[in-house]
Amino acid sequence: MNPHLFTPEFESANTQDIADELKNGSGYYVCREAVNAEVLTALMSGLPAFDCLVNNNHLGFVKAYNSNYLGHTLAVSRQCYHIVTSEKLRAICRSFFANPHKLCNQRIYQTHTASHLPWHTDNNLQSGNQFDGKHNMPGLMFMVYLSDVNETNPFQLIPYSQNWSLSNRNQFFQEQFIERNYGKDVVTVRAPKGTLIICSTNMVHRAEPFHKQGFKRLTFLFQVDEISAEHAGHGESLLVNPAFITDRNPEILNYLGFGIQSDYPAFPETSVSTMLVKDIVSLQRTILPKTVKSLMISVAKKVLPGAVSNTIRMNLAKRRILKSDHV
Ligand SMILES: O=C(O)CCC(=O)C(=O)O
Ligand SMILES: [Fe+2]
């Protein structure tokens, strides 16, 4: 474990008190700048580009409208792995959960330009990638801001809402209902990057809707839920880079869900149809010249005798080598 993962302020916070607040109190906990600045810098510099993955074997961001998602953080980022498996966060989980629990999902996402995520809770069941009702297992949602969050698109929550949210079995809450009944209670988390937010998955929350050209917010989010035979398979399939697992303590492996069924696909399900027109156009710009080149090569191969096309291919390869020597 990295001893300097967290700032002294968070390191010195009492994990039992945090768990009590989450379980029996307001249902949330915020520590401003909980993650050390150097860890954040290393985390950010190790992230893949926001490019689209086309026919390669890498893990990277996918595009869903105005958001980019990296759904396999523990396969890509050593810092994410160490934050999720840190003794400090596991100690909070140990105090909060009365029963075995495991990491159910994790992602880094960037929202930009506009977003409207309605009020909701995160105690969701899925069938494949579809919402399949609410469960009442205890769970914790952890969020680390990877951007400074001020006026635009802050996380918002309603304290104590974990005590009444289960009365709504739908995925989302009506905006007017929340505004009318709980508008004055809303807590808005405007805070610098590195801030850690923990809340009960039964807590009503959202990201404040926004529409602002040029705005971007990057966030690391993960969720730990109780394991229950009634909901076998609950949770997203996880990819981990084994090189990050420096401590094979069975408690960590169980917490990561080794040997436990997790059926949900990585969130969100994306395809070309979830890309914005401008992203498709930019992808076409990269693909089109390569398409034309491949087409010319395949036509040349068909019409030219084999010996001639081999000579051309060898000359092209030589030119490529010469060019790279000059770089
Ligand atoms: O990004 C946020 O502020 C909230 C995200 C959230 O609630 C979710 O993804 O379920
Ligand atoms: Fe949520």
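Which residues does Ala75 touch, not counting residues up to four places away in sequence? I looked this up and found Leu59, Leu239, Val240 and Asn241; two residues are in contact if their C-beta atoms, placed from the backbone, lie within 7 Å.

**Conventions**

I note that this is a predicted model, in which local features need pLDDT of at least 70, side-chain atom pairs count only at pLDDT 80 or more, and totals for chains, interfaces and linings use all residues. Residues are numbered from 1 along each chain as its sequence is written, and chains are lettered from A and ligands numbered from 1 in the order in which they are written.

**Whole chain**

I recorded 10 helices and 14 strands for the chain; helices (H or I, at least four residues) and strands (E, at least two) are DSSP runs, numbered from the N terminus. The C-alpha trace spans about 80 × 45 × 40 Å along its principal axes. Of the 327 residues in the chain, 31% are buried. Here I take a residue as buried if 20 or more other C-beta atoms lie within 10 Å of its own, exposed if 12 or fewer, and partly exposed in between, with C-beta atoms placed from the backbone. I then looked at contacts between residues at least 6 apart in sequence: 85% of them join residues at least 24 apart.

**Confidence**

The chain averages a pLDDT of 95, and 98% of the residues score at least 70; pLDDT is the predictor's confidence in each residue, from 0 to 100.

**Domains**

I noted a division into domain 1 (8-274) and domain 2 (277-326), with bounds from an automatic or database domain assignment. The C-alpha centres of domain 1 and domain 2 lie 44 Å apart.

**Ligand 1**

Which residues are around ligand 1? I listed Leu117, Asp122, Phe155, His205, Ala207, Thr219 and Leu221; a residue is near a molecule if its C-beta atom, placed from the backbone, lies within 6 Å of it. Two or more of the shell residues come from each of strand S11 (205-207) and strand S12 (210-226). By class I counted 4 nonpolar, 2 polar and 1 charged residues in this shell. In this scheme Ala, Val, Leu, Ile, Met, Phe, Trp, Tyr, Cys and Pro are nonpolar, Asp, Glu, Lys and Arg are charged, and the others, Gly among them, are polar.

**Largest nonpolar core**

The largest nonpolar core has 58 residues, of which Leu22, Tyr28, Val35, Phe142, Val144, Leu196 and Ile198 touch the most other members. Such a core is a set of buried Ala, Val, Leu, Ile, Met, Phe, Trp, Tyr and Cys residues joined through C-beta atoms within 7 Å. Strand S7 (residues 139-145) gives the most to this core, with 6 residues.

**Backbone**

I found a cis peptide bond between Phe267 and Pro268, with omega about -5°. Pro268 is in the loop between strand S14 (262-264) and helix H9 (277-303).

Asn153 has a phi near 60°, a positive value in a residue other than glycine. I placed Asn153 in the loop between S7 and strand S8 (155-157). Is Asn153 buried or exposed? Asn153 counts as buried because it has 23 C-beta neighbours inside 10 Å.

Tyr160, also other than glycine, has a positive phi near 70°. Tyr160 lies in the loop between S8 and helix H7 (175-182), and is partly exposed because 17 other C-beta atoms lie within 10 Å.

**Single residues**

I returned to Ala75, which is found in helix H4 (residues 73-76). With 16 other C-beta atoms within 10 Å, Ala75 is partly exposed. Ala75 and Leu322 are 247 residues apart in sequence, and their C-alpha atoms are 37 Å apart.

Thr15 is in helix H2 (residues 15-24) and counts as partly exposed, with 17 C-beta neighbours inside 10 Å. Beyond four places in sequence, I listed its contacts as Lys88, Ala91, Ile92 and Ser95. The C-alpha atoms of Thr15 and Arg94 are separated by 9.2 Å, at 79 residues apart along the chain.

Ala243 is in the loop between strand S13 (233-236) and helix H8 (250-256). I recorded Ala243 as exposed because it has 8 C-beta neighbours inside 10 Å.
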